[in-house]
Amino acid sequence: HGVEELLKLGLVLKGERGYRDRFRDRIIFPLRDELGRPVAFAGRALRGEPKYLNTPNTPLFTKGTLLYGLDRARERIKTAGQAVLVEGYTDVISLHAAGVTEAVSSMGTSLTESQARRLSRYAQRVIIAYDADAAGESSTLRGIGILLDAGLEVGIAVLPEGEDPDSLVRNQGLGQLRAALEGAIPFRRFLLELLPRRFDLRSLKGKE
């Protein structure tokens, strides 16, 4: 196939000094479609920025259409009727290793309508288990609307402060994660508890 094919697939970059590896000094996560076929890669930096780097859009891969781990999770999702939606690659890997094999990830970016529609082929309900920080809350808020528009029921797993699914399993064990998932709250309750923390409901602007 040669270097031109590698360039077309986003695996190498062309510079003034020739071609170089796009993913040098990175831990590689193969990205597969829901049938398990490798279509792209993501790389986590060992040092420097950006922290994560994905293959660009190619004839095989369009960003925002796939869910990481769906190829391994889809049968369990169909059996359970629900999926656990997390943010990162390591979250999926840790959860699957611990036996929570219905976990999938939006691959570190905001959930898209395409990803939600793909998930709705297999699940009736989705539990969002994003990081317990301000960024995770914002991602959860965006994800709720997208999942509802795709016809899915939505629950929110409230994780201990400072934890993400990966760290929760490693630091506190599978039991704590299971408890968070089984205790997932309805999205309406999540909104009612979150909004007063974000807005001053004593003011007209806050109420609006």
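**Figure 1. Ring pairs join Phe29, Tyr52, Tyr68 and Tyr89 into a cluster.** Welcome to this predicted model. Searching the whole structure turns up three aromatic pairs. In one of them, the ring centres of Tyr52 and Tyr89 are 5.6 Å apart with planes at 50°, so this pair is tilted. Tyr52 belongs to strand 5 (residues 52-54) and Tyr89 to helix 3 (residues 89-98), so the pair ties together parts that are 37 residues apart in sequence. Tyr52 is partly exposed, at 31% relative accessible area, whereas Tyr89 is buried, at 2%.

**Figure 2. Tyr68 and Tyr89 form an edge-to-face pair.** Here the ring centres lie 4.9 Å apart and the planes meet at 90°. Tyr68 sits in the loop between strand 5 and helix 2 (70-80), while Tyr89 is in helix 3, so this pair ties together parts 21 residues apart in sequence. Tyr68 is buried, with a relative accessible area of 12%.

**Figure 3. Asp33 sits in the loop between strand 3 (26-32) and strand 4 (38-45).**

**Figure 4. Ile144 is a buried residue of helix 5 (residues 134-149).** Its relative accessible area is 4%. Beyond neighbours within four places in sequence, the contacts of Ile144 are Ile128, Val154, Ile156, Phe187, Phe190 and Leu191. Phe187 is 43 residues away from Ile144 along the chain, yet their C-alpha atoms are separated by 7.2 Å.

Note on methods: Residues numbered from 1 in each chain as written. Predicted model: local features only at pLDDT ≥ 70, side-chain atom pairs only at ≥ 80, totals over all residues. Heavy atoms only, no water. Helix = DSSP H or I, 4+ residues; strand = E, 2+ residues; numbered from the N terminus. Buried < 20%, exposed > 50% of the residue type's maximum accessible area, 1.4 Å probe, protein only. Contact = heavy atoms within 4.5 Å. Phe/Tyr/Trp six-rings, centres within 6.5 Å; stacked < 30°, edge-to-face > 60°.
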